[in-house]
Amino acid sequence: MSRSFSKIQGYTFSGLTLLASLVIVAMLGVIVWNIFINGYGTLSWGFFTRAPEQGMTAGGIFPAIFGTVALVILMTIAVVPLGVLTAVYLHEYAKPDSVIARLVRAAVGNLAGVPSIVFGLFGLGFFVHFVGGGIDKLFYPGEVAWGQPAIIWAALTLAVLTLPVVIVSTEEALRAVPNEYREASYALGGSKWLTIRKIVLPHSVPGILTGAILAVGRGAGEVAPIMFTGAAYFLPYLPSKLNDQFMELGYHIFVMSTQSPDVEKTKPILYGTVLVLLILTFILNLLAILIRSKIRTAQRRAR
Amino acid sequence: MQRDGNQKELKLSGSDITKDRHNRVLKDKEEIVPSVEKEASSRKLKMETQNLNFYYGTAQALKNVNLPIRENHITALIGPSGCGKSTFIRTLNRMNDIIPGIRIEGKVLLDGIDIYREDIDLSALRRKVGMVFQKSNPFPKSIFENVAYGLRIGGVKNKNILEEVVEKALKDAALWEEVKDKLHTSSLDISGGQQQRVCIARALAIEPEVILMDEPASALDPISTGKIEELILDLKRDYTIVIVTHNMQQSARISDYTGFFLLGELVEFDQTSKIFTNPKDRRTEDYVTGRFG
């Protein structure tokens, strides 16, 4: 009696684990399916090349795509050097148990756990008001040139948000460089700096690239950090200067779903935009995975 | 007087490799001296350790090692695993310096100069005392770039010089004939034995005076091992060689002098023939006759 009961318990439990796993797959499936079915019809050449028209009930999303691309490029320019330098310091120069290294690691870990809306508020307070406002006070007295939401501040805010991603994957790449390479370089008279420049960093490029792509994928999908720091509801022009505002896919989705004058008319465009954003992030993640698996096989071969 | 000259050479900066080569050519000429003198100079001590103690943290890995390394001879270091022979060989070009928490006492002399002196230029030292590792570790670059690496980081940019040196080094490493048509393929696409010879060529390219080899053939098949051994015997003419080996037959085959290490101590050091036929210490005898280790 009790034995068969425990048997039933066992079956139930294993069934539950399977069910839980399937729920996750089903969720993803439903989301993707729903978006694809409803958004597919909207995708057209005009959708990609035109600006929103008639209060976002017609037209395309070109300015949002343009703004997103510009944003993540600026973000990458800011985050990759900073992240790579930090990772090189942590892995190549700092002693593993030094106070600074531990402090940096704790900071990186905590940075990764901060909610993105906090980054948005931080960006507004620090970059827009403190840095931007400071620049205005110094160089443009009486004017507002930099002390306002702008693409540069949004990009920098996103850079802070994605910094942990770049640091962690760069460190992983540095760790994957066999110590034998470093020793060989030292034994041939290479200094630490030359060894890092000629051997360690070139060998880590794919890993650094993976980190950059993951950061871009993460950054492209974030809305909260850019809401207060530079993204605009609607702009009749494309951003051309660093202190211009810009439109962005994620924010555009938010705006269309909350501020539309005609919900029914906006719906297909909304779905189309979501599909575009989804495809964009999927492609970026896929790229990162491909590069990573390529490095792994290359490294296996090197052993 | 001579000390000073040597000091200067140790402090050579990176861009002086070609000049260094030039000096070597001159030095070779100076060595055309009466045969009696030559005989004496060929027994000259190239390197020497004096009361060398080595600690990893609190664990002592080397105990009071006094070992002479004679110029243009092969000195083999044998002993069971963990006896300190690898640690020892790595003190000779300060490769241990990268390991955190080490401490060293005593002296390691190269041409009479203590290489642990404060003002020693590590890069210059390691160009003089080259090293080949147990696990062949070519860079994931082409064969050519591997061999040219030492020159490139030394600041040599001239393509003709690079090509000339790479060819010479590969010839000296007995690899030229096998790879001359694929210099620009990845060094990871050739056999293990060839990879190890690329590493040897890479060490030869910067014309060191001493070459340290840490079990260079232990991961290779017998045929590749044979080739490497032949090569080492050839290199003796131009270089002073220190080799760590697990393989006692190998030591007996190629070395002139053998040191037997046990638990961080240099138990016995003598001519190889004496170590293997008539060792003075009981422990050496037990080891070379295969009673333990």
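In this predicted model, a cluster formed through ring pairs comprises A:Phe122, A:Phe126, A:Phe127, A:Phe130, A:Trp146 and A:Trp153. Rings of Phe, Tyr and Trp (its six-membered ring) are taken to pair if their centres lie within 6.5 Å, and the planes count as stacked under 30 degrees apart, as edge-to-face over 60 and as tilted for the rest. Over all chains, the structure holds 16 aromatic pairs. One of them joins A:Phe62 and A:Phe66, which is classed as tilted because the planes stand at 45 degrees, with the ring centres 6.1 Å apart. Both residues belong to helix H3 of chain A and are four residues apart, about one turn of the helix. A:Phe62 is partly exposed at a relative accessible area of 31%, and A:Phe66 is partly exposed at 30%; buried denotes under 20% relative accessible area, exposed over 50%, and partly exposed the range in between (1.4 Å probe, protein chains only).

A tilted pair is also formed by B:Phe88 and B:Phe261, with 5.3 Å from centre to centre and 45 degrees between the planes. This pair links distant parts of the chain, 173 residues apart: B:Phe88 lies in helix H4 (residues 85–91) and B:Phe261 in strand S9 (residues 257–262) of chain B. Helices (H or I, at least four residues) and strands (E, at least two) are DSSP runs, numbered from the N terminus. B:Phe88 is buried, at 0% relative accessibility, and B:Phe261 is buried with a relative accessible area of 0%.

The charged end of B:Arg103 sits over the ring of B:Tyr55 at 4.2 Å from its centre, and that of B:Arg202 over the ring of B:Phe139 at 4.6 Å.

In chain A, A:Thr281 is placed in helix H11 (residues 263–302) and is buried, with a relative accessible area of 13%. A polar atom of the A:Thr281 side chain lies 3.0 Å from the backbone oxygen of A:Leu278.

Residues are numbered from 1 along each chain as its sequence is written, and chains are lettered from A and ligands numbered from 1 in the order in which they are written. For this predicted model, local features need pLDDT of at least 70, side-chain atom pairs count only at pLDDT 80 or more, and totals for chains, interfaces and linings use all residues, while side-chain values use heavy atoms, with hydrogens and water left out.

Methods. Polar contact = N/O pair within 3.5 Å; in protein donor to acceptor, adjacent residues only side chain to side chain. Lys NZ or Arg CZ within 6 Å of the ring centre and 35° of its normal.
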